[in-house]
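Dear colleague,

I am handing over the structure below, together with some notes on what turned up when I went through it. Please read the notes with the coordinates open beside you.

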Amino acid sequence: MKSIYIFIASVIILFSACTPEQYDLGVKDVTPDDLVEGIAFKIEHDASNPNIVYLSSLMDSRYTPLWSHPQGRSQKQKITLKIAFPGTYEVKFGVETRGGVVYGNPVTFTIDDFYAEFVSDELWTLLSGGVGNAKTWYLDLDADGVSRYFIGPLYFYGTDDSWETVTNGVTLPEGSDSWNWNPDWPGNSWLMDAADFGSMTFDLRDGANVVVEHKTIPSRGIERGSYMLDVDDHTLRMTDASPLHDINRDGVVIDWGDIKIMSLTENTLQLAVLRDPELSGEGACLLVYNFISKEYYDNWTPGEQEEPEPSLPDNWMDDVSQTVQKTIVWKLSEANPLDWCGLDGAKMNGWNKPEDYPDWLGTPDPAVYGDFSLTLNSEDMEAAFKLPDGTELTMGYSLDDKGIYTFDETVPDFSIISWASFHLDANRQLRIMSIEKDASGSVSGIWLGARDPEKPEYMAYHLIPSAGGSTSADPLKAWKNAFAGKTFKPDVHWFVDWVGGAPGFSGGWTSSSTFGDDYTSNGWVWDANVRAVAESATLKFGLEGDKLKVTLNQLKEGVDYSATGDVTINAADNILNISIPLVDYAGTAASWLGTVNDKSPTGNSSDWFFVSHGGSNLSNIDTQGFWLGRYTSSIAAGDENDEVLIFHYVLAE
């Protein structure tokens with residue numbers, strides 16, 4: 001759905017940029033007869049190297065050119081083709097007009113001689129084995145359901161993803177359709193049936209030839225065609241053949257020959273095609289097929305494959321056993337009592353509130369499971385289960401260094417949501433998937449998983465600690481002590497980040513070295529002017545009686561500015577209500593970042609979320625600083641999803 005909204009937004013922007021008479025699609029003002037070589041476009045061979053061909057649009061700049069050429073598709077005004085092999089090649093030229101897209105008739109040009117230098121790039125060699133050779137590739141899933149290198153044969157990426165994001169690790173600007181879902185086949189075998197899919201062979205023998213044997217798609221059978229690589233854009237154009245793929249998705253791609261290369265090594269290859277939303281009934285995205293070379297396939301041996309495991313924070317055993325208190329009473333969360341987790345402990349669905357749960361499962365109802373509790377005494381190593389039907393069980397337990405609880409007795413299953421039940425696994429075990437902490441660094445939740453006997457996943461239960469009979473310190477006192485008498489400044493090295501909505505605030509893509517002196521990588525939000533404002537700004541906190549106050553000082557558009565306001569603490573929801581707008585980056589590249597939380601789901605634009613991110617929390621703000629977040633996208637405000645922009649402040653010297 002995300003990519004559909006992005007497409008709609010792009011269309012709105014496109015039409016809003018037009019003059020009034022261009023708002024409605026009118027009669028086409030260009031016909032195919034107008035789009036002829038020499039009038040609408042030209043094809044020229046380079047004077048010194050005829051294997052270099054230039055394609056140039058001669059149309060007025062108000063027309064967007066649409067090229068279909070031997071190396072793919074493009075909307076550039078001028079294109080340079082580097083073609084190694086002799087032959088006759090076809091070009092089709094079109095334009096976007098007020099009435100829609102118009103193409104002219106195809107035209108051809110000829111290359112007379114072979115030019116080896118154009119196929120000497122490493123990509124040609126990795127794909128085909130080099131000039132005079134051939135190389136065969138298999139989809140990374142065989143008839144026995146085995147994937148030898150990747151965790152599955154098919155991944156899904158956003159439409160803006162490419163070699164840059166996958167191989168080079170470039171992060172695209174906010175608003176880009178850049179995301180990925182890399183499903184493991186054993187846990188998602190519905191993607192496609194295990195099979196011998198056939199083979200795909202690229203060669204450089206008297207041309208760039210490709211032969212694809214589609215064993216699972218009889219209508220395609222054996223396809224023999226040609227291919228061209230664009231080594232600069234990392235794209236592949238296949239003619240008269242399509243890459244190896246599954247029959248399930250054969251009808252959801254308009255042009256199987258229009259391909260992005262996402263990654264390519266000696267043994268592995270990832271090719272992406274565009275899933276069409278109308279053909280598929282789903283959002284546009286890149287279908288990324290994963291391949292391994294025949295040599296890798298032939299020489300691979302199963303061996304011992306290490307399974308991924310949950311990564312738990314330092315001192316996690318103290319967190320769950322002692323520093324909260326010796327006896328902890330755990331209750332199932334009323335908001336999101338269960339989810340599924342991968343073997344690495346990551347939640348597979350990310351449900352945070354009752355309305356997030358899908359119809360196929362149902363909505364959590366605390367009346368069904370609210371009477372459940374699990375009391376763990378880490379001093380006596382005793383566990384007491386109280387089930388919703390009133391059954392009470394007391395037994396011993398152990399906790400190993402991997403975070404696995406093993407209970408001495410079995411515990412009856414009980415329903416949480418519909419058919420999804422609380423249960424121990426076959427070994428009477430539950431494993432810690434992840435640990436949640438509040439702003440003060442105390443444990444606020446824990447996810448325990450029961451391993452599925454067949455799939456590589458866990459059914460995970462979200463447990464919340466209760467006081468267990470003791471009283472805790474006044475949370476407001478801890479907050480006030482953390483801030484009062486201290487001055488903080490924007491962090492010019494880890495300036496901002498973007499995360500998901502409350503309460504998890506998951507994700508983030510920047511780091512402690514993203515900004516600083518680098519004014520090119522993220523120039524849309526960070527340059528020397530932004531840094532100058534950040535370096536001028538401070539937030540000074542102090543107490544007036546019991547009231548926490550803050551004073552902002554900064555340069556605003558070159559003028560000294562100061563304001564003082566009240567800070568009201570909502571410790572339960574980790575919110576600081578700050579009565580003054582915060583640092584204003586007006587007049588810089590970061591002017592759009594905002595000074596208030598105008599899309600806050602609380603309805604109060606002065607509410608800033610205190611976000612524990614990058615290892616920071618209330619207990620370590622002197623060394624790690626703190627993050628304040630405002631919603632840039634909010635479901636409550638009518639947006640498609642929740643996204644929070646967080647600002648990093650560190651202690652001023």
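Does arginine 531 count as buried or exposed, and at what relative accessibility? In this predicted model, arginine 531 has a relative accessibility of 14% and therefore counts as buried, the cut-off for that class being under 20%. Its salt-bridge partner is glutamate 535, with the closest N and O atoms 3.0 Å apart, and glutamate 535 is exposed, at a relative accessible area of 52%. Both residues belong to helix H9 (residues 528-536), and because they are four residues apart there, about one helical turn separates them.

As for the overall picture, the protein chain has 653 residues, of which 47% count as buried, and its secondary structure comes to ten helices and 38 strands. The C-alpha trace spans about 85 × 65 × 45 Å along its principal axes.

The whole structure holds 20 salt bridges. One of them joins the side chains of lysine 215 and aspartate 196 at 3.0 Å, N to O, and this pair links distant parts of the chain, with lysine 215 in the loop between S13 and S14 and aspartate 196 in the loop between strand S11 (180-181) and strand S12 (198-203), 19 residues apart. Lysine 215 is partly exposed at 44% relative accessibility, and aspartate 196 is likewise partly exposed, at 42%. Another salt bridge is formed by aspartate 566 and lysine 549, whose closest N and O atoms are 2.5 Å apart; here aspartate 566 lies in strand S34 (residues 559-570) and lysine 549 in strand S33 (residues 547-556), 17 residues apart. Arg220, Glu223 and Asp250, in turn, are linked in a network of salt bridges.

The strands around S14 can be followed in some detail. Strand S13 (residues 209-214) pairs with S14 in the antiparallel sense over five bridges, and valine 212 stands opposite glutamate 223 in S14. S14 also pairs with S15, again antiparallel and over five bridges, with leucine 229 opposite leucine 236 in S15. S14 and S15 form a hairpin with four residues between them, and histidine 234 in the turn has a positive phi of about 55°.

Aspartate 232 is placed in the loop between strand S14 (222-230) and strand S15 (235-239), and is exposed, with a relative accessible area of 59%. Together with Asp121, Glu122 and Asp233, Asp232 forms a negative surface patch.

Methods:
Residues numbered from 1 in each chain as written. Predicted model: local features only at pLDDT ≥ 70, side-chain atom pairs only at ≥ 80, totals over all residues. Heavy atoms only, no water. Patch = residues over 30% accessible without salt bridge, like charges linked within 9 Å, V, L, I, M, F, W, Y side chains within 5 Å. Areas by Shrake-Rupley, 256 points an atom, 1.4 Å probe, with all protein chains shown as cover. Salt bridge = Lys/Arg side-chain N within 4 Å of Asp/Glu carboxyl O. Lys, Arg positive; Asp, Glu negative; His and termini not counted. Charge placed at Lys NZ, Arg CZ, Asp CG, Glu CD. Helix = DSSP H or I, 4+ residues; strand = E, 2+ residues; numbered from the N terminus. Buried < 20%, exposed > 50% of the residue type's maximum accessible area, 1.4 Å probe, protein only. Pairing = 2+ DSSP bridges.
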